[in-house]
Amino acid sequence: MKTQLTLTAAAFLLGTAMSPALAQEKIKLGVIVTLSGPAAALGQQVRDGFALAVKDLGSKMGGRDVEVVVVDDELKPDAAVTKVKGLLERDKVDFVVGPIFSNILQAIHRPVTESKTFLISPNAGPSTFAGKDCNPFFYVTSYQNDQVHEVLGKVAQDRGYKRMYLMVPNYQAGKDSVAGFKLDYKGEIVEESYMPLNTLDFQPELSKISAQKPDALFTFMPGGLGVNLVKQYKQAGLADSIPVLSAFTVDESTLPAQQDAAVGMFGGANWAPNLDNPQNKKFVAAYEAAYNGVPGTYAMQGYDAAMLIDSAVKGVKGDLSNKEAVGAALKKADFTSLRGAFKFNTNGYPIQDFYLTKVAKRPDGKFQTEIVQKVFENYGDRYAKECKAAN
């Protein structure tokens, strides 16, 4: 009996001694985004939005100090795999946050999830992981790629555009964008053009658009692609005659370079800087003060990714050893999203509202997207029903 009591006491003392040690051990977060080349502005927004959230949390999550390791995926799948393996094996991160582009996500998804490390995507949301290949170690704080493009398809249909010209990059997200647009649009598609990801000169396409005279152009051209397209579209004199419905082509990552050429162009989004709720007003003001620029969806989703992780760490009281418990805490999404309504579907992708936005020039001379109308409410993606993962 005495021996049993002694062992019990020792176990108790050992347990109490381990708790402060756990509290002192840092939570390591690996952020992998594109930080070089024409698309660098997108990754910088995610990085900065995430950093702002960590700062707002006092650099702690669930009472534990936080260390953030940021790497550049260079928009190269092979480089991204090497970098993410470094985060997993050398840095031993507890969570991986990223990337921006779907082709990079497809490259890093397997090494991260097979290591039983949680992968939180603050932007890329391809259809490939939303359905039957969903994974309990994968969560998305943005959207399923099709959805923002579905907004534009519905708007084009509702506005009676009978002839549309479609132009997107030739990779998974571009294909998803076309699939999303076509869901609600039933008119004629006069051209479906897939452009290389390194396209800089759009003049041949603009000549075809001018000749075919569609009712509107639907395009998805993120980062530097969008900057060049919008400038050349305006210079070609098309902006005043053929409306542009776009996603991630005119947003806060590209507007500083596009400026007046983008004013009046429409977009589909799950958020805009002028969304009227208290947490968003605070975020936009803090982001502009910290980084001297207007935040876009990338920054918002990066901020929410950090807040999601914080909610999970708090949910398990700082103990990340039980992966199933951490996954359940992530699934609850027990935080206040900057966009307002937000919850996870069965596949780890959000259920949320979507809007039509329009580029405007503010009185202070800066450019931003502003909400025109809500198009979808509490909208989940169509692939979730195929997800059988035990999330």
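Helices (H or I, at least four residues) and strands (E, at least two) are DSSP runs, numbered from the N terminus. You are looking at a predicted model, in which local features need pLDDT of at least 70, side-chain atom pairs count only at pLDDT 80 or more, and totals for chains, interfaces and linings use all residues. Residues are numbered from 1 along each chain as its sequence is written, and side-chain values use heavy atoms, with hydrogens and water left out.

**Stop 1: the annotated domain**

Select residues 26-360, which the unreviewed UniProt entry annotates as "domain: Leucine-binding protein"; such annotations may be inferred rather than shown by experiment. This stretch is 41% helix and 20% strand, with its end C-alpha atoms 43 Å apart.

**Stop 2: the largest pocket**

Now select Glu252, Pro256, Asn292, Gly293 and Val294, the closest to the centre of the largest pocket among its 16 lining residues. The space in this pocket is about 270 Å³. A pocket here is an open set of points on a 1 Å grid over the protein atoms alone, where a 1.4 Å probe fits, with protein on both sides within 12 Å along at least five of seven lines; lining residues have an atom within 4 Å of a point. The volume is the space filled by probe spheres set on the points.

Colour α2 (40-56), α9 (255-258) and α10 (278-291), the elements that each give two or more residues to the lining. Helix α2 provides the largest share, 4 residues. By type, the lining holds 7 nonpolar, 6 polar and 3 charged residues, with Gly counted as polar.

**Stop 3: aromatic rings**

(Rings of Phe, Tyr and Trp, the latter by its six-membered ring, pair if their centres lie within 6.5 Å; planes under 30 degrees apart count as stacked, over 60 as edge-to-face and the rest as tilted.) Tryptophan 271 lies in the loop between β11 (266-269) and α10, and phenylalanine 283 in helix α10, so the pair ties together parts 12 residues apart in sequence.

Next, go to phenylalanine 376 and tyrosine 379, which are stacked at 4.5 Å centre to centre, with 25 degrees between the planes. Phenylalanine 376 is buried at 11% relative accessibility, whereas tyrosine 379 is partly exposed at 22%.

Finish by selecting Phe101, Tyr143, Tyr171, Phe220, Phe248 and Tyr298, which form one aromatic cluster.

Conventions:
Buried means under 20% relative accessible area, exposed over 50%, partly exposed in between (1.4 Å probe, protein chains only).
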